[in-house]
Amino acid sequence: LQVQRAYNFNAGPSALPLSVLEKAQEELIDFRGTGMSVMELSHRSRPYEEVHNQAISSLRELLAIPDTHEVLFLQGGASLQFSMIPMNFLQSGKKASYVMTGSWSEKAFSEAKLFGDVYQAASTKEGNYRSIPKLDELQYNQEDAYVHITSNNTIYGTQWKDFPDTGDVPLIADMSSDILSKPIDVSKFALIYAGAQKNLGPSGVTVVIIRKDLLERANTNIPTMLKYSTHAKNNSLYNTPPTFGIYMLGEVLNWARDLGGLDIIAKRNEEKANFIYSVIDNSNGFYIGHADQDSRSLMNLTFNLKTPELEKKFLELAKQEGFVGVNGHRSIGGCRVSAYNAVPVEACQAFSEFMTKFQKENN
Ligand code: PLP
């Protein structure tokens with residue numbers, strides 16, 4: 001049976017690799033001879049534990065996570081991390097600093113304000129979040145509880161190319177929309193978190209990578225479920241985890257490994273983004289990229305057309321031609337192509353051809 005797969009540029013939840021979906025379909029009713037779906041297995045059973053531990057070790061391997069760090073699978077999305085981080089690490093008498101690069105940084109900052117004293121280490125809001133601040137422009141204090149950054153700004157389409165070296169101040173990053181898109185040096189970070197629904201798998205599981213010494217330093221007067229240490233002590237099996245999501249995550253990790261790992265994936269993502277950025281750059285102002293060139297995201301490519309009328313026509317035609325999810329986020333409008341890991345090269349190539357053709361016919 002030949003299925004027609006959409007050119008899926010949704011920002012999240014977003015495309016999953018076809019081979020992963022096919023494998024899940026094959027295993028759906030009888031998971032590896034158990035006579036049950038993976039969703040029906042006890043989370044305390046041997047077959048499920050294998051799935052769970054395999055997903056953890058695959059993530060460790062792909063991201064080269066050092067032994068100093070623990071991998072956790074939590075629920076509540078990246079949004080719950082906005083609260084858990086200050087609850088756990090913003091001790092009274094301390095301050096935490098946030099680098100403001102878009103709407104998700106703003107949400108993280110607002111949540112932290114509910115728990116303690118926070119301030120902005122830098123912000124590119126004045127320039128409508130077109131850029132990432134220069135590393136030497138960040139103003140935080142050595143006494144801060146932590147510095148928080150958003151590594152990829154899903155809505156504005158900007159991405160950090162290098163990360164700051166914050167020394168003894170714990171560096172915390174929301175990597176929801178670019179984790180696994182390229183190799184990173186995990187040892188630079190005290191905590192990395194990501195909702196799974198872009199590069200990692202379906203929504204419902206949130207990955208947290210946390211340096212072990214932070215667990216010991218965390219506040220204790222918070223609910224059990226909201227303490228990182230609860231989940232670390234129990235291998236993320238304190239309560240029922242999102243078992244199907246973790247199974248899918250494990251399969252996505254196997255797919256990424258089989259593709260050749262993160263160096264290869266990073267090259268592929270560059271190639272994909274270049275198809276579209278090169279059309280924008282050679283369009284003589286017909287297409288206008290939102291992000292400054294040195295801050296451009298390889299995951300979310302944001303742009304406008306030279307008039308609102310053309311933009312409306314472009315988006316309608318894109319939809320008709322089968323390109324899904326090209327409308328910009330409801331808060332800023334415009335166009336956005338999300339080219340996460342599972343989006344094939346051909347989809348980006350086809351879209352760049354569509355853009356070129358549209359310009360020719362409407363210039
Ligand atoms: N952070 C970033 C960078 C995101 O892109 C998103 C969702 O798109 C979130 C946080 C919120 O994630 P969740 O829906 O898992 O709470």
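Here is a short chat about a predicted model of a single chain.

Visitor: What radius of gyration does the chain have, and why does that agree with a compact globule?
Guide: For 363 residues, the globule rule puts a compact chain near 21 Å. The C-alpha trace spans about 60 × 55 × 30 Å along its principal axes. The value for this chain agrees with the rule, since the radius of gyration is 21 Å.

Visitor: How many helices and strands are there in the chain?
Guide: Let's start with the stretch that UniProt, in an unreviewed entry, lists as "domain: Aminotransferase class V", residues 7–347. Over those residues the chain is 34% helix and 17% strand. For the chain, the tally is 10 helices and 14 strands.

Visitor: How far apart are the end C-alpha atoms of residues 7–347?
Guide: That range is the aminotransferase class V domain listed in the unreviewed UniProt entry. Its end C-alpha atoms are separated by 6 Å.

Visitor: Why do the UniProt "binding site" residues not all gather at one spot?
Guide: The unreviewed entry lists A78, S79, W104, T154, D174, Q197, N239 and T240. They span 163 residues in sequence, and they do not all gather at one spot because the farthest two C-alpha atoms are apart by 30.8 Å.

Visitor: Is W104 buried or exposed?
Guide: W104 sits in helix α4, residues 103–113. Setting aside neighbours within four places in sequence, it contacts T150, N153, T154 and D174. The cut-off for burial is 20 or more other C-beta atoms within 10 Å. W104 has 21, so it is buried.

Visitor: And N239, buried or exposed?
Guide: N239 is in the loop between α6 (228–233) and α7 (243–259). N239 has 12, so it counts as exposed.

Visitor: Which residues does K198 touch, not counting those up to four places away in sequence?
Guide: UniProt's unreviewed entry annotates K198 as "modified residue: N6-(pyridoxal phosphate)lysine". K198 lies in the loop between β9 (191–195) and β10 (206–211). With 30 other C-beta atoms within 10 Å, K198 is buried. The residues K198 touches are G12, S14, S176, S177 and Y340.

Conventions. Residues are numbered from 1 along each chain as its sequence is written. This is a predicted model: local features need pLDDT of at least 70, side-chain atom pairs count only at pLDDT 80 or more; totals for chains, interfaces and linings use all residues. Helices (H or I, at least four residues) and strands (E, at least two) are DSSP runs, numbered from the N terminus. The radius of gyration is taken over C-alpha atoms; the globule rule is 2.2 Å times the number of residues to the power 0.38. UniProt positions are given in the numbering used here, feature names are shortened, and annotations may be inferred rather than shown by experiment. Two residues are in contact if their C-beta atoms, placed from the backbone, lie within 7 Å.
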